[in-house]
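Visitor: I would like to ask about the labels used for this model, and what each one rests on.

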Amino acid sequence: MRSTSSKNRTHRAARTAAAVFAGALALSLTACGGDDKDNGNEQGGSGEESASTVTLPKLDGESLEVAAVWTGAEQANFKKVLAEFEKRTGAKVTFVPAQDPIINFLGSKVAGGQPPDVAMLPQPGAIKQAVEKKWAKPLGADAVKELQQNYSPGWQEIGKVDNKQYGVYYKAANKSLIWYNAKVFENAGAADPKTWDELLTTAQTVYDSGVTPFSVGGADGWTLTDWFENVYLSQAGPEKYDQLAKHEIKWTDASVKDALTTLAQVWGKKDYVAGGADGALQTDFPASVTQVFTGGDQPKAAMVYEGDFAQVNIVQAKAGVGTDAKVFPFPTVGDTAPVVSGGDAAVILQDSEAAQALATWLASPDAATIQAKLGGYLSPNKNVENSAYPNEVQRKIAKALIDSGDDFRFDMSDQAPQAFGGTPGKGEWKALQDFLKNPTDVAGTQQKLEADAAAAYGN
């Protein structure tokens, strides 16, 4: 899987980053009290105006369209950020719901002569494709200045193609978390694991108490790639991760075999996944979260792996983050705990003063602070006050991300060509869905992954 360029892979994961992250999350568990519901955890914020730190032009009479795949609370919260931009500039902004893969959606819009002004692209590979297709327009001086003031070099670099800035990473994700039902763990006498072997022990303890250990949102292939990436990064190490991300080594490599074999210890263990493989493959990501936090002390599963953004779905299940729902870092499989991140970048498709102003706005702490207060959101903007996040768990996760600087790894599948790493029913998503159904077929899965990767990368 490739990044925008080899030069842009400046964010080299380090043992220090893993330690900082693990320590911050461990602190979050002890720091969380029972008052989170009174601390903004209920998504009750209004997205009120934040203090002004960015200068925007007057755009009365101008109209903009912004396309993203976000739905539900995530979309509703982003619309509040757009509403503040409208208030400050006088422009009218329309949110355009997009479908995955967004590059295909945008292709149809471009072909019809009606591309949105700005699109939120969830992969560096998608940014590169948009540039190659001559859809994307470089950011202007104001947006670049805002980025340089508010973002670490690593977050700026992954929005570049051929050393030109095209993307504003407005939204980040910490994808190295496992959420759990606190009541189930308490009833089972289960402890937070720090290593993979301890995770398996914890899972058995939960299983023995009468609750299925894991919920897996297998209907969404990206959740499965995230599982793989955390195991692979920790077990194979950052250098191998970078090589596989750029397809410099093949998916038939022994390191991939090891990671799949490790994954099979969970995915292939009888009665460890809610609904079995067939049930998991019919469970989308939101349902995979909510079924862990509904059903009292007998939910469908005790744990669900995914990023900080799972908090939106936890709140929808009427569970308290830090009380009913707790979290631990993805366990160490090899030498270090993994630190995997993802994100969504604003990219201009129709260049105008208004589109450039919106990109500048999204690069500002003002915009990110509005959505931070609403929960279920994480910003790579280092000038967003940590106190803006609505609960102690989220504050610790955000601090760990900012403190790690450039020492993180971006989601591997998001670096890949869309056909391999980001298309439902194809490439890595499909191969790992098939592996979830048949975790004994390690070699066959590797061969399928390599064939699809070679076709997508062209090597």
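Visitor: Which residue of S3 stands opposite Val66, and what makes S1 and S3 a pair?
Guide: Val66 faces Val118 in S3, and Ala67 has Ala119 of S3 as its bridge partner. Two strands pair if DSSP finds at least two bridges between them. S1 (residues 63-68) and S3 (residues 118-121) are joined by two bridges and run parallel, so they count as paired. The names come from DSSP runs numbered from the N terminus: helices are H or I with at least four residues, strands E with at least two.

Visitor: What are the ground rules for these values?
Guide: The model is predicted, so local features need pLDDT of at least 70 and side-chain atom pairs count only at pLDDT 80 or more, while totals for chains, interfaces and linings use all residues. Residues are numbered from 1 along each chain as its sequence is written, and side-chain values use heavy atoms, with hydrogens and water left out.

Visitor: How many bridges link S1 and S2, and what is the handedness of the unit formed by S1, H2 and S2?
Guide: S1 and S2 (residues 92-97) pair in the parallel sense over six bridges, with Val66 opposite Phe95. The β-α-β unit of S1, H2 and S2 is right-handed. The test is the path from the first strand over the helix to the second: with the strands pointing away from the viewer, a clockwise path is right-handed.

Visitor: What makes both faces of S3 covered?
Guide: Val118 and Met120 on one side, and Ala119 and Leu121 on the other, are all buried. Buried means under 20% relative accessible area, exposed over 50%, and partly exposed in between (1.4 Å probe, protein chains only). S3 also pairs with S11 in the antiparallel sense over four bridges, where Met120 stands opposite Ala346.

Visitor: Why is S6 called largely enclosed?
Guide: Eight of the eight residues of S6 are buried, so the rest of the structure largely encloses this strand. S6 and S11 pair in the antiparallel sense over seven bridges, and Ala172 stands opposite Gly343 in S11.

Visitor: How do you know that H15 is mostly covered?
Guide: Nine of the 10 residues of H15 (residues 353-362) are buried. Among them are Gln356, Thr360 and Trp361.

Visitor: Is Val327 buried or exposed, and why?
Guide: Val327 is in S10. Its relative accessibility is 0%, so Val327 counts as buried.

Visitor: Which labels do Asp162 and Asp271 receive for accessibility?
Guide: Asp162 has a relative accessible area of 66% and is therefore exposed; Asp271, at 40%, is partly exposed. Asp162 lies in the loop between S4 and S5, and Asp271 in the loop between H11 and H12. Neither is glycine, yet phi is positive: near 50° for Asp162 and about 70° for Asp271.

Visitor: What is the volume of the largest pocket, and which residues are closest to its centre?
Guide: The volume is about 980 Å³. Of the 38 lining residues, Val69, Glu74, Asp100, Trp222 and Phe285 are closest to the centre. A pocket here is an open set of points on a 1 Å grid over the protein atoms alone, with protein on both sides within 12 Å along at least five of seven lines; lining residues have an atom within 4 Å of a point. The volume is the space filled by probe spheres set on the points, which are joined across faces, edges and corners.

How values were computed: On a 1 Å grid over the protein atoms alone, a cavity is a set of points where a 1.4 Å probe fits but cannot get out, and a pocket is an open set with protein on both sides within 12 Å along at least five of seven lines; lining residues have an atom within 4 Å of a point.
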